[in-house]
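Please look at the sequence and the model shown below before reading on.

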Amino acid sequence: MSYQPNDPHLVPQAAPPALALPQRGMLDTAHGLSIPAGAAVTGPQAKQATELAQRYELLERLGVSTAASQDFDELARDMAEQAGFLYGFVNLFLEEQTFVGLHQPPADSGYVIVGRTMSHDHGWCPEVVARKKALPLHDVHASPRFSGNHVVDAVGIRSYFGAPLIHDSGTVLGTVCVIDPEKRSLSEARRLRDIVISAGAQVMDRIAPAPVR
């Protein structure tokens with residue numbers, strides 16, 4: 001998330017413009033990889049570049065904008081309110097994690113105000129995309145694997161629940177998630193996980209409605 005570590009009240013960033021589709025020969029800004037036309041790229045960078053291109057191709061085919069959306073903002077708000085969390089996100093994995101849907105506390109609340117983008121290296125959504133299944137973290141400090149994260153210190157987050165946005169083609173477009181500075185009880189984990197899974201299904205219904213039979 002975009003933030004200024006010395007300022008407890010962060011100014012929200014303007015919604016990012018819709019991003020142009022990547023073309024062969026352009027710089028893959030997510031991974032610093034220049035892909036000349038006809039060049040062969042191997043290893044993790046090739047996989048990441050291929051997945052990014054697949055996401056853009058699918059979003060273009062479905063007519064989905066990569067700009068902030070009031071509809072997705074409302075879905076993020078409903079998800080956060082159902083869960084009782086301060087923050088909710090509808091997150092597309094583009095050059096950066098891009099929050100086309102965002103709900104957060106008011107600017108004068110005393111809580112950190114986040115922007116619309118975040119590096120792929122931060123947060124727990126990259127884990128959700130990689131595993132292609134929901135990730136319930138009732139207390140991020142309960143697991144050393146997940147406690148050492150930039151977002152823990154930047155926003156002071158203790159609980160995270162996220163679910164992937166998977167198209168019928170198998171392409172993972174991103175995630176939905178909620179985060180909060182308060183940890184949750186383990187007994188709540190299943191209910192909170194189900195809330196984000198349900199929200200993810202609603203997002204996919206908006207992105208790729210089922211055909212009428």
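What follows is a short report that moves from the whole chain to single residues.

## The model and its confidence

This is a predicted model, in which local features need a pLDDT of at least 70 and side-chain atom pairs count only at pLDDT 80 or more, while totals for chains, interfaces and linings use all residues. Residues are numbered from 1 along each chain as its sequence is written, and side-chain values use heavy atoms, with hydrogens and water left out.

The confidence score pLDDT is given by the predictor for each residue on a range from 0 to 100. Its average over the protein is 82, and 77% of the residues score at least 70. Over residues 1-41, however, pLDDT stays under 50, and for this stretch the model has 83 contacts (heavy atoms within 4.5 Å) beyond four places in sequence.

## Overall layout

The protein has 6 helices and 8 strands, where helices (H or I, at least four residues) and strands (E, at least two) are DSSP runs numbered from the N terminus. Read from the N terminus on, the elements follow the order β-β-α-α-β-β-β-α-β-α-α-β-β-α.

Of the 213 residues, 44% count as buried; buried means under 20% relative accessible area, exposed means over 50%, and partly exposed lies in between, with a 1.4 Å probe and protein chains only. The accessible surface of the protein (from the Shrake-Rupley method with a 1.4 Å probe, where for residues only the protein chains shown count as cover) comes to about 10,900 Å², and 51% of it belongs to carbon and sulfur atoms. Among contacts between residues at least 6 apart in sequence, 62% join residues at least 24 apart.

## Helices H2 and H6

Leu75 lies in helix H2, which spans residues 70-83, and with 8% relative accessibility Leu75 counts as buried. Although Leu75 and Ala199 are 124 residues apart along the chain, their C-alpha atoms are separated by 7.2 Å. Leaving aside neighbours within four places in sequence, Leu75 is in contact with Gln202, Val203 and Arg206.

A cavity is defined on a 1 Å grid over the protein atoms alone, as a set of points where a 1.4 Å probe fits but cannot get out, and its lining residues have an atom within 4 Å of a point. Grid points are joined across faces, edges and corners, and a volume is the space filled by probe spheres set on the points. By this rule there are 2 cavities of 30 Å³ or more.

The second largest cavity holds about 60 Å³ of space. Its lining is made up of Leu75, Asp78, Met79, Gln82, Ile195, Ser198, Ala199 and Gln202, and helices H2 and H6 each supply at least two of the lining residues.

Arg184 sits in the loop between strand E8 (172-180) and helix H6 (189-207), and Arg184 is buried, with a relative accessible area of 12%. A polar contact is a pair of N or O atoms within 3.5 Å; within protein, one must be able to donate a hydrogen and the other to accept it, and residues adjacent in sequence count only if both atoms are side-chain atoms. The side chain of Arg184 makes such a contact with the side chain of Asp180 at 3.2 Å, and the side chain of Arg184 also reaches the backbone oxygen of Glu182 at 2.8 Å. Not counting residues up to four places away in sequence, Arg184 touches Ala83, Gly84, Phe85, His138, Ser159 and Leu192.

Arg116 is found in the loop between strand E4 (97-103) and strand E5 (117-118), and Arg116 is buried, with a relative accessible area of 12%. The side chain of Arg116 makes a polar contact with the side chain of Asp73 at 3.0 Å. Lys132, in the loop between helix H3 (125-131) and strand E6 (135-137), counts as partly exposed at 46% relative accessibility, and Lys132 has a positive phi of about 60° although it is not a glycine.

Definitions and conventions:
1 Å grid on protein atoms, 1.4 Å probe; cavity = no way out; pocket = protein on both sides within 12 Å on 5 of 7 lines; lining within 4 Å.
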